[in-house]
Amino acid sequence: MTVVQDFITSDGQIIPAQRDYYRILRNKMNHHTGLFNEPEVELLMIDARSEVLELSDEDYDAIYNVVMERFGLSKKLEEEARLRAELVEKERLRKEAELKARAEAIAQAKAEAEAKASAEAALRAQIEEAERLVEEANQRAQAEEEARKQAEEEARQKAQARLRAEEIAQIEEEARLKAEENARIKAEEDARIKAAEEARIKAEEEARLDEENEQRRLEAERLRLKEEQRINEINEAHQKMVDDAIRITEEQKMEEEKRLAQEIEQAQKLANESRRLEEAEAKRIADEQSRIAKEEAAASIAKKEAEDAEEAARLTAEAAEEAANAKIIPDLPPLDE
């Protein structure tokens, strides 16, 4: 239809008969359900020509020739396209054949190479496996040798350690026995010194107590003599009163005796009170001296016991230190290289 349109508008004006023919032909082609090949298009053009009687034969022939030329050109182009397609197909088939042959050659070469590589890999794997087995055998032998040497070295070190331990134990036992002997001797000496000191303290305490008892005895004797002197004085006074009473009258004698009796009674009371006070004072002094003596003795004993305990602790510490210092552990012998 484009060819027909170009033809009827080529001179710049459109003939009405040509326009009607174009319209009818386009309508028929729009409603055509078959193929648009040369025979069917020719029938459509003849059918449209029969409906446009005003169209001249010259115009129809010109339009017909233009359309048929287009079909001829189309056939020529189709033929050329077919030939080109045949050439392309032949070239494609040739290239495919070459590619197939090349692929087959490559596949064969690859298969041969793979077979060769597989054989080489199998051989190499066998060689590597043999080398691995040899290496494992060497490693096992080396490990067994090292384990044997290590076991021998450990046994030797254990034997040396056992000997060193026995030597150290013997040295420690000797040091312990020596320390025990020193401690025993020290304890005996301390006990002897302590016994001698206790005996000395006891003797001093007994001497002090004897001296205090002697002082108390002398004080009691002094009080007794004083009391005897007072009694003698009272007796002398009484005798004097008796002598004086002989020289006075009976009444005076009675009064004098009464007075003397009162004086004697008063003197006796005073003497008894004085004696009681003196005895109480003497007893208080004796008790105080005894208490002071006991406290001093207890303090002296406590002080001595504290000093003895401190001295014993010091001696024990010194003995322990001497025993510790006496424990000499020799240096371990060097290990064999």
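In which helix do tyrosine 60 and tyrosine 64 both lie, and how many residues apart are they? Both lie in helix α4, four residues apart, which is about one turn of the helix. The model is predicted: local features need pLDDT of at least 70, side-chain atom pairs count only at pLDDT 80 or more, and totals for chains, interfaces and linings use all residues. Residues are numbered from 1 along each chain as its sequence is written, and side-chain values use heavy atoms, with hydrogens and water left out.

**Aromatic pairs**

- Two aromatic pairs are found in a search of the whole structure (ring centres of Phe, Tyr and Trp, the last by its six-membered ring, within 6.5 Å; planes under 30 degrees apart are stacked, over 60 edge-to-face, the rest tilted).
- Tyrosine 21 and tyrosine 60 are edge-to-face, at 6.1 Å centre to centre and 90° between the planes.
- This pair links distant parts of the chain, 39 residues apart: tyrosine 21 is in helix α2 (residues 16-30) and tyrosine 60 in helix α4 (residues 57-246) (helices are DSSP runs of H or I, at least four residues, numbered from the N terminus).
- Tyrosine 60 and tyrosine 64 are stacked, at 6.2 Å centre to centre and 25° between the planes.
- Tyr21, Tyr60 and Tyr64 form one aromatic cluster.

**Burial**

- Tyrosine 21 is buried at 0% relative accessible area (buried is under 20%, with a 1.4 Å probe and protein chains only).
- Tyrosine 60 also counts as buried, at 11%.

**Nonpolar core**

- The largest nonpolar core has 19 residues, and Tyr21 and Ile63 are among those with the most contacts inside it (buried Ala, Val, Leu, Ile, Met, Phe, Trp, Tyr and Cys joined through side-chain atoms within 4.5 Å).
- Helix α2 gives the most to this core, with six residues.

How values were computed:
Helix = DSSP H or I, 4+ residues; strand = E, 2+ residues; numbered from the N terminus. Buried < 20%, exposed > 50% of the residue type's maximum accessible area, 1.4 Å probe, protein only.
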